[in-house]
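Subject: Structure handover

Hello,

Here is the structure I promised to pass on. Please open it first, then read my notes below.

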Amino acid sequence: RTQLAEIDFGEGSDLAIVTIADPETRSSSQVIAALAGASADHDVEDGILEGILMNATVEADVGYTIYAHAPNGTWGRYNIYVSCTNF
């Protein structure tokens, strides 16, 4: 499954976290997150210029959490695609 989500760095931060509920998540699930086009606050290029990195943790039967890091800090919201594959 792939879905659109939003990460929000607020007024200025280097870390944003979003939790996505998905009771079908298994301990063997794999989650991938990637920047996804313009948001209300940023153009497509902004996430690349900010060097945003993302990682995810999985909690079986609950869902997953996406962690986004902007090494030099950023602000506002970014759209991301999140894909979870259950094995």
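Arg1 counts as partly exposed, at 48% relative accessibility. Buried here means under 20% relative accessible area, exposed means over 50%, and partly exposed lies in between (1.4 Å probe, protein chains only).

Before going on, a word on the source. This is a predicted model, in which local features need pLDDT of at least 70 and side-chain atom pairs count only at pLDDT 80 or more, while totals for chains, interfaces and linings use all residues. Residues are numbered from 1 along each chain as its sequence is written, and side-chain values use heavy atoms, with hydrogens and water left out.

Back to Arg1. Its side chain meets that of Asp22 in a salt bridge, at 2.0 Å from N to O. The term stands for a side-chain nitrogen of Lys or Arg within 4 Å of a carboxyl oxygen of Asp or Glu. This pair links distant parts of the chain: Arg1 is in the segment before β1, Asp22 is in the loop between β2 and β3 (30-35), and they are 21 residues apart. Helices (H or I, at least four residues) and strands (E, at least two) are DSSP runs, numbered from the N terminus.

Is Asp22 buried or exposed? Asp22 counts as buried, because its relative accessibility is 7%.

Arg1 also forms a salt bridge with Glu24, with the closest N and O atoms 3.4 Å apart. Glu24 lies in the loop between β2 and β3 and Arg1 in the segment before β1, so this pair ties together parts that are 23 residues apart in sequence.

Asp41 is in the loop between β3 and α1 (44-49), and Arg77 is in strand β6, 36 residues apart. Asp41 is partly exposed, with a relative accessible area of 23%. Arg77 is partly exposed too, at 28%.

**An aromatic pair**

How many aromatic pairs are there? The count comes to 1. Phe9 and Tyr78 form this pair, edge-to-face, 5.8 Å centre to centre with 85 degrees between the planes. Rings of Phe, Tyr and Trp (its six-membered ring) pair if their centres lie within 6.5 Å; planes under 30 degrees apart count as stacked, over 60 as edge-to-face and the rest as tilted. Phe9 sits in the loop between β1 (2-8) and β2, Tyr78 in strand β6 (residues 77-85), 69 residues apart. Both Phe9 and Tyr78 are buried.

**The open sheet**

An open sheet of 3 strands runs in the order β2-β5-β4, with antiparallel pairing. Two strands pair if DSSP finds at least two bridges between them. β2 and β4 (53-59) stand at the edges with a single partner strand each, so one side of each has no neighbour in the sheet. β4 and strand β5 (residues 63-74) pair over 7 bridges in the antiparallel sense. Leu53 stands opposite His69 in β5.

Strand β2 (residues 13-21) also holds Leu15. Leu15 is partly exposed, with a relative accessible area of 42%.

Best wishes
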